[in-house]
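Please look through the sequence and the model below before reading on. The paragraphs that follow go through the fold by its elements and then by single residues.

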Amino acid sequence: MQTLLRLQQAVGVSDVARILGFTPTALSYILYIQKDSSKYKLFTIPKKSGGQREIAASKDALKLLQQKLAKLLQTCIEEANTSNEENEDSKLSYSIAHGFAKGRSTLTNAIPHRNKKYVFNVDLVDFFSSIHFGRIVGFFIKDRTFHLNPVAARIIAQIACYEKRLPQGSPCSPIISNLIAHILDVHLVKLASKHGCTYTRYADDLTFSTNKLNFPSKIATCSSLDDYEWCAGADLLRIVSYSGFQINHKKTRMQYRYSRQEVTGLVVNDKISVPVDYRRRVRSMAHSLLPKVSFIFHLLRKTKMAY
């Protein structure tokens, strides 16, 4: 508990800076003197569902600082989990969250939902940006594992936030988002268990699955007019809202066993596999790339023989 204890004892910029391996002057310069325009590179990438996603990628010293903060928080989690091995409820483990978690992936997120009658997918709206400065400060002050001094909690939030919110593109956004969404996971895994379902989360992607004859209406309800039109159930809506998030109703979908069921891009109907169209696209790309690679090797070989 040495690292976690040091963080809990931190009461100012100097303490937090030394724990992160920075001088107090360097940390103060990054946080309070540097302008955001020199700390972040802003650009957009296309969303799979359409539209553009804004990325605020940290640069230079701030990026290093955020990387060290992410590593520090991961160490604190591991220390807390080691000390709470006999009390599963006290653990901050990522047994539910599979995105941005050590030893977890889209594959581990998909496996629990393999070969199920129903697979229900829900997306959260603006997952990172919904976690604002005040939520981060409040979490690190009130959480029973961290329970930090308010000044230290604010410094962590200042390191992590861009325009008072978690940016997509920061090295520490993933671990902080998982910490804050942990309470959502705890409530939803209890809801799923109560109604005979399996639940996992990968970032903003929530998945429920079951082999029950009828899908539990507390989690999802079907339109009386269309068997393929489903919406979040009352208990799911209540828990997500209580946890400080919102559901993207446009991306809610139910997948039946007799159709292709996908979880984080992987087909889960029988054995775990990638979609056929994806395999074809990769095969086509590899086929078009192979002649270029062969040509480059041919040139390199001729160059070597010339010398």
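**A sheet, its covering helices and a loop**

Helices (H or I, at least four residues) and strands (E, at least two) are DSSP runs numbered from the N terminus; contact means heavy atoms within 4.5 Å; and axes are lines fitted to C-alpha atoms, for helices over the stretch in contact, with angles running from 0 to 180 degrees between N-to-C directions.

The model is a predicted one, in which local features need pLDDT of at least 70 and side-chain atom pairs count only at pLDDT 80 or more, while totals for chains, interfaces and linings use all residues. Residues are numbered from 1 along each chain as its sequence is written, and side-chain values use heavy atoms, with hydrogens and water left out.

The protein chain has 11 helices and 10 strands. Of its 307 residues, 43% count as buried, where buried means under 20% relative accessible area, exposed over 50% and partly exposed in between (1.4 Å probe, protein chains only). Among contacts between residues at least 6 apart in sequence, 64% join residues at least 24 apart.

Two strands are taken to pair if DSSP finds at least two bridges between them.

The pairings can be followed across the sheet. Strand 4 is joined to strand 5 (residues 205–210) by five bridges, and the two run antiparallel. Within this pair, Thr-198 stands opposite Ser-209. Two residues lie between the strands of this hairpin, where Ala-203 takes a positive phi near 60°. Strand 5 also pairs with strand 3, in the antiparallel sense over six bridges, and here Ser-209 stands opposite Val-119. Strand 3 in turn pairs with strand 8 over four bridges, again in the antiparallel sense, with Tyr-118 opposite Tyr-256.

How many of the six residues of strand 3 are buried? Six of the six are, so strand 3 is largely enclosed by the rest of the structure. Tyr-118, Phe-120 and Val-122 point one way from the strand, and Val-119, Asn-121 and Asp-123 point the other way.

Strand 3 (118–123) is also part of what covers the buried residues of helix 10, together with elements including helix 9, strand 5 and strand 7 (230–232). In helix 10 (residues 234–242) the buried residues are Asp-235, Leu-236, Ile-239 and Val-240. Seen down the helix axis, they fall within an arc of 125°, so they line one face of helix 10; the arc is that of the directions from the helix axis to the C-beta atoms. The face turned away from this buried side carries the exposed residues Ala-234, Ser-241 and Tyr-242.

Neighbours within four places in sequence aside, Asp-235 is in contact with Leu-191, His-195 and Lys-218.

Just after helix 10, Gly-244 takes a positive phi of about 90°. The loop between helix 10 and strand 8 holds Asn-248, which is partly exposed, with a relative accessible area of 22%. Asn-248 and Val-122 are 126 residues apart in sequence, and their C-alpha atoms are 7.2 Å apart in space. Apart from neighbours within four places in sequence, Asn-248 is in contact with Asp-123, Leu-124 and Val-125.

A further packing involves another pair of helices. Two packed helices are described by the angle between their axes and the distance between the axes. For helix 3 (residues 24–33) and helix 8 (residues 150–160), the angle is about 65° and the axes are 10 Å apart. The contact is made by Leu-27, Leu-31 and Tyr-32 of helix 3 and by Ile-155, Gln-158 and Ile-159 of helix 8. By class, this contact has five nonpolar, one polar and no charged residues; Ala, Val, Leu, Ile, Met, Phe, Trp, Tyr, Cys and Pro count as nonpolar, Asp, Glu, Lys and Arg as charged, and the others, Gly among them, as polar.
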